[in-house]
Amino acid sequence: MDLELTEKTALVTGASRGIGRAIAASLAAENCQLLLCARGADALEQTAHELRQAHGVRVETVAIDITVPDAASRLVETARERFGGLHVLVGNAGGNSRGRFEDTTDEAWADIMDLNVYSHLRTARAAIPVMKASGGGSMVFVASIFGREAGGAGLSIYNTTKSALISAAKIMAVELGRDGIRVNTVAPGSIRFPGGSWDKRVKADPEAMKQFVSDNIPMGRFGRAEEVGDVVAFLASDRASWVSGACLTVDGVQSHSLI
Ligand SMILES: NC(=O)c1ccc[n+]([C@@H]2O[C@H](COP(=O)([O-])OP(=O)(O)OC[C@H]3O[C@@H](n4cnc5c(N)ncnc54)[C@H](OP(=O)(O)O)[C@@H]3O)[C@@H](O)[C@H]2O)c1
């Protein structure tokens with residue numbers, strides 16, 4: 001299926017490694033031109049270089065912390081200046097702060113709310129007028145299965161922020177439908193890639209992680225970042241023209257929610 005992303009411009013946040021990098025690679029494979037961001041300039045530029053080499057598409061980078069209040073407007077303005085517009089926004093950057101709820105601090109809540117929620121809301125708000133001027137667009141935010149259902153002890157902050165992101169995206173989809181802007185979320189399960197959090201846990205305790213997979217993931221393995229990347233590329237594309245306000249699980253049946 002041709003996703004018809006050729007010459008479209010996508011901004012992907014948190015794109016230097018892991019799921020964000022895989023999303024950028026799936027979009028690049030569809031000839032989409034890219035503006036990538038992450039904090040670490042070297043890894044980001046290395047990723048951009050590899051994607052240019054592999055796919056021959058234009059890839060630009062901005063090394064920036066997306067929790068800085070003016071980062072969203074700077075990113076969207078950069079897309080407009082360098083590419084003349086913006087068709088796709090992928091809000092992928094995110095993080096976790098584990099701990100029992102009674103031990104959590106205001107600072108930890110604020111930090112993860114900022115990264116997992118507010119940064120995406122700011123980027124979306126900045127992108128709306130540019131997408132409208134570009135004739136419409138698609139936003140995809142990377143949530144988690146633990147935004148759709150309870151993730152368990154120690155995940156109060158993460159769970160809350162991912163639920164908030166899914167909720168906000170749904171209302172954005174309602175409000176932006178008539179402007180030709182679709183808004184969706186994806187909810188990955190446990191995704192393993194070299195150097196990622198699950199990879200570290202497997203290396204630290206392979207037997208426990210084997211048991212975890214056996215107990216929790218009916219398809220019998222961790223997900224791959226590329227499997228999230230391809231779903232995001234589809235949602236980003238016009239081939240998903242009647243999909244908006246959705247939250248798609250990408251989890252090998254790991255989650256239990258019926259909705
Ligand atoms: N891995 C999983 O199993 C899994 C499951 C469900 C959902 N998710 C979600 O998927 C997304 C990506 O996860 P991942 O596992 O690929 O994460 P990761 O390996 O930690 O990569 C995160 C990416 O975001 C960048 N980043 C982090 N903080 C940033 C900031 N403040 N400003 C700009 N860029 C920032 C990182 O680069 P720098 O450090 O250089 O900034 C990196 O490129 C997250 O939203 C996560 O919650 C992951």
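**View 1. Strands E4 and E5 side by side, seen at a facing pair.** Valine 88 stands opposite serine 138 in E5. The model is predicted. E4 and E5 run parallel in their pairing, with 4 bridges between them. E5 is mostly covered, with 6 of its 6 residues buried. Gly137, Met139 and Phe141 point one way from the strand, while Ser138, Val140 and Val142 point the other way.

**View 2. Serine 138 and its surroundings.** Serine 138 is part of strand E5. Its relative accessibility is 1%, so serine 138 counts as buried. Its contacts, leaving out residues up to four places away in sequence, are His87, Val88, Leu89, Met131, Arg182, Leu235 and Ala236. Valine 243 is 105 residues from serine 138 in sequence, yet the two C-alpha atoms are 10.0 Å apart in space.

**View 3. Strands E1 and E2.** E1 pairs with E2 in the parallel sense, over 5 bridges. Alanine 10 of this pairing stands opposite leucine 34 in E2. E1 is mostly covered: 5 of its 5 residues are buried. Thr9, Leu11 and Thr13 point to one side of E1, and Ala10 and Val12 point the other way.

**View 4. The largest nonpolar core.** This core has 36 residues. Val12, Ile23, Leu27, Leu34, Leu36 and Val186 touch the most other members. Seven elements each supply at least two residues: strand E1 (9-13), helix H1 (18-29), strand E2 (33-38), helix H2 (41-55), strand E4 (88-91), strand E5 (137-142) and helix H8 (225-236). H1 gives the most, with 7 residues. Apart from this core lies another, of 33 residues, including Leu35, Val76, Ile166 and Met172. In soluble globular proteins, nonpolar side chains tend to be buried together.

**View 5. Leucine 36 and its contacts.** Leucine 36 is among the residues of the largest core that touch the most other members. Residues up to four places away in sequence are not counted here. Leucine 36 then touches Val12, Ala15, Ala24, Leu44, Thr47, Ala48, Leu51, Val59, Glu60, Thr61 and Val62.

**View 6. Helix H5 from end to end.** H5 (residues 156-176) has 21 residues. From first C-alpha to last, H5 reaches 30 Å, close to the 30 Å expected at 1.5 Å a residue. The buried positions of H5 are Ile157, Tyr158, Asn159, Thr161, Lys162, Leu165, Ile166, Ala169, Met172, Ala173 and Leu176. An α-helix has 3.6 residues a turn, so residues three or four places apart point the same way. The buried residues of H5 pack against helix H4 (106-133), E5, strand E6 (181-188) and strand E9 (247-250).

View 7. The structure holds 4 aromatic pairs. In one of them, phenylalanine 101 and tryptophan 109 have ring centres 6.4 Å apart and planes at 80°, so the pair is edge-to-face. Planes over 60 degrees apart count as edge-to-face. Phenylalanine 101 has 57% relative accessibility and therefore counts as exposed.

View 8. Tryptophan 198 and phenylalanine 222 have ring centres 5.5 Å apart and planes at 40°, so the pair is tilted. This pair links distant parts of the chain, 24 residues apart. Tryptophan 198 sits in helix H6 (residues 197-204), and phenylalanine 222 in the loop between helix H7 (206-216) and strand E8 (223-224). Both tryptophan 198 and phenylalanine 222 are buried. Trp198, Phe212 and Phe222 form one aromatic cluster.

**View 9. A charge over a ring.** Arginine 58 lies over the face of phenylalanine 83. The distance from the ring centre is 4.4 Å.

**View 10. Backbone with positive phi.** Most residues other than glycine have a negative phi. Glutamate 4 is not a glycine, but its phi is positive, about 55°. Glutamate 4 is found in the segment before E1. At 43% relative accessibility, glutamate 4 counts as partly exposed. Asparagine 31 is not a glycine either, and its phi is positive, about 65°. Asparagine 31 lies in the loop between H1 and E2. Asparagine 31 has 40% relative accessibility, so it counts as partly exposed.

Definitions and conventions
Residues are numbered from 1 along each chain as its sequence is written. This is a predicted model: local features need pLDDT of at least 70, side-chain atom pairs count only at pLDDT 80 or more; totals for chains, interfaces and linings use all residues. Side-chain values use heavy atoms; hydrogens and water are left out. Rings of Phe, Tyr and Trp (its six-membered ring) pair if their centres lie within 6.5 Å; planes under 30 degrees apart count as stacked, over 60 as edge-to-face and the rest as tilted. Buried means under 20% relative accessible area, exposed over 50%, partly exposed in between (1.4 Å probe, protein chains only). A charge sits over a ring if NZ of Lys or CZ of Arg is within 6 Å of the ring centre and within 35 degrees of the ring normal. A nonpolar core is a set of buried Ala, Val, Leu, Ile, Met, Phe, Trp, Tyr and Cys residues joined through side-chain atoms within 4.5 Å. Contact means heavy atoms within 4.5 Å. The expected span of a helix is 1.5 Å times one less than its number of residues. Two strands pair if DSSP finds at least two bridges between them.
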